[in-house]
Amino acid sequence: MNNTGVNKSSNTIAIAVSGLSHAYNRHTQPRPIIKHLDLTVKCQESVAVVGRSGSGKSTLLNIIGALEPVQSGDVSVLGNTLTGLNDSERTALRRHHIGYIYQSFNLIPTLNVADNITLPLALIGVKTSQRTAALLPLLDAIGLSGRSEDYPDVLSGGEQQRVAIARALIHQPALVLADEPTGNLDAQSGRVILGLLNELVTNQGSSLVIVTHSLEVASQANRTLIMRGGQLDEVDPSPVNGSFAW
Ligand SMILES: Nc1ncnc2c1ncn2[C@@H]1O[C@H](COP(=O)(O)OP(=O)(O)OP(=O)(O)O)[C@@H](O)[C@H]1O
Ligand SMILES: [Mg+2]
């Protein structure tokens with residue numbers, strides 16, 4: 001363990017998962033969701049994860065994002081073995097180095113758009129003036145300039161999603177975990193968001209794991225993996241005879 005230090009060189013490994021298994025209890029019986037799963041994601045790499053609803057994609061992202069404990073197997077994120085971290089080290093890893101775009105947005109209802117987006121900077125002690133400086137171009141990029149005073153309950157689903165994405169990117173994390181980040185967006189807004197995510201990978205050398213049901217999104221990643229039977233397999237996201245290979 002290196003105490004949540006990170007190295008973003010392209011030949012280093014951002015995520016190393018080996019022999020990961022995970023089960024949820026159902027009527028007191030364990031129900032396995034992830035079974036001996038292996039995954040390696042390099043720094044500066046983008047990986048799309050596809051798969052049927054309920055196959056375990058969000059569960060995997062939650063484990064990698066240190067939100068769900070590792071039950072069995074080894075998970076190393078940005079050089080940190082998750083089982084070796086205590087609570088405050090896990091929190092530090094998340095706050096400083098991971099941007100998480102939740103499938104259900106998870107905006108804070110009592111904070112306006114500006115405060116939701118800049119929350120990651122506030123949590124690591126960045127001054128208000130610097131928070132505002134980081135906020136304004138990002139608000140513009142997501143098409144929500146002029147909406148910074150609004151609260152989540154007056155935003156459309158797609159607007160909430162864009163705020164959640166900006167919040168995940170504002171601290172320029174080394175790793176972005178994006179759970180269906182374009183699921184509520186029209187095609188044009190989706191492209192803008194993908195542009196922002198890809199920019200982070202290209203310009204900041206970050207890594208991206210993006211869960212998606214969209215072939216257009218998957219085909220922009222360096223690799224596409226499909227979650228089935230509790231494991232990940234490499235897959236070609238190009239269409240076959242007008243439909244897709246999975
Ligand atoms: N906290 C939990 N307790 C019990 N079962 C859970 C829990 N979280 C997820 N599951 C179950 O684990 C399975 C995988 O869920 P998960 O959310 O990872 O799927 P997913 O691939 O992300 O699906 P979707 O594409 O619909 O988002 C589902 O059957 C779900 O009901
Ligand atoms: Mg999911």
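Q: Let's start with helix 3: which of its residues are buried?
A: Keep in mind that this is a predicted model. In helix 3, which covers residues 113-123, the buried ones are Val113, Ala114, Asn116, Ile117, Thr118, Pro120 and Leu121.

Q: And what do those buried residues pack against?
A: They pack against helix 2 (87-97), helix 4 (128-141) and helix 5.

Q: What does phi do just after helix 3?
A: Gly125 sits there with a positive phi of about 85°.

Q: Which residues of helix 6 are buried?
A: Gly190, Ile193, Leu194, Leu197 and Leu200. They pack against helix 5 (157-169), strand 7 (175-179), strand 8 (207-211) and helix 7 (215-218).

Q: What follows helix 6?
A: Gly205, with a positive phi near 70°.

Q: You mentioned helix 5. How do the axes of helix 5 and helix 6 cross?
A: At roughly 5°, and they come within 11 Å. With angles under 35 degrees counted that way, helix 5 is therefore roughly parallel to helix 6.

Q: Which residues meet there?
A: From helix 5 you have Gly158, Arg162, Ile165 and Leu169, and they meet Ser189, Ile193, Leu196 and Leu200 of helix 6. By class, this contact has 5 nonpolar, 2 polar and 1 charged residues.

Q: Take Ile64, then. What does it touch?
A: Leaving out residues up to four places away in sequence, Ile64 touches Ile15, Val75, Val77, Leu177 and Val209.

Q: Where does Thr224 sit?
A: Thr224 is in strand 9, residues 223-228.

Q: Is Thr224 buried or exposed?
A: Buried: 25 other C-beta atoms lie within 10 Å of Thr224, and 20 or more is enough to count.

Q: What is it in contact with, neighbours within four places in sequence aside?
A: Thr224 is in contact with Ala48, Val50, Ala218, Val235 and Pro237. There's also Ser46, which is 178 residues from Thr224 in sequence but 8.9 Å away in space, C-alpha to C-alpha.

Q: Now Leu232: which strand is that in?
A: Strand 10, residues 231-234. Leu232 counts as buried because it has 24 C-beta neighbours inside 10 Å.

Q: What does Leu232 touch?
A: Not counting residues up to four places away, Leu232 touches Leu37, Leu39, Leu225, Ile226 and Met227. As for Gly51, it is 181 residues from Leu232 along the chain, with their C-alpha atoms separated by 9.2 Å.

Q: Where does His36 lie?
A: In strand 2, residues 29-42. His36 is partly exposed, since 13 other C-beta atoms lie within 10 Å.

Q: And Asn106, what's its phi?
A: Near 55°, which is positive in a residue other than glycine. Asn106 is found in the loop between strand 6 (98-101) and helix 3.

Q: How exposed is Asn106?
A: Partly exposed, with 13 other C-beta atoms within 10 Å.

Technical notes. Residues are numbered from 1 along each chain as its sequence is written. Chains are lettered from A and ligands numbered from 1 in the order in which they are written. This is a predicted model: local features need pLDDT of at least 70, side-chain atom pairs count only at pLDDT 80 or more; totals for chains, interfaces and linings use all residues. A residue is buried if 20 or more other C-beta atoms lie within 10 Å of its own, exposed if 12 or fewer, and partly exposed in between; C-beta atoms are placed from the backbone. Helices (H or I, at least four residues) and strands (E, at least two) are DSSP runs, numbered from the N terminus. Two residues are in contact if their C-beta atoms, placed from the backbone, lie within 7 Å. Axes are lines fitted to C-alpha atoms, for helices over the stretch in contact, and angles run from 0 to 180 degrees between N-to-C directions. Angles under 35 degrees count as roughly parallel, over 145 as roughly antiparallel, 65 to 115 as roughly perpendicular and the rest as oblique. Ala, Val, Leu, Ile, Met, Phe, Trp, Tyr, Cys and Pro count as nonpolar, Asp, Glu, Lys and Arg as charged, and the others, Gly among them, as polar.
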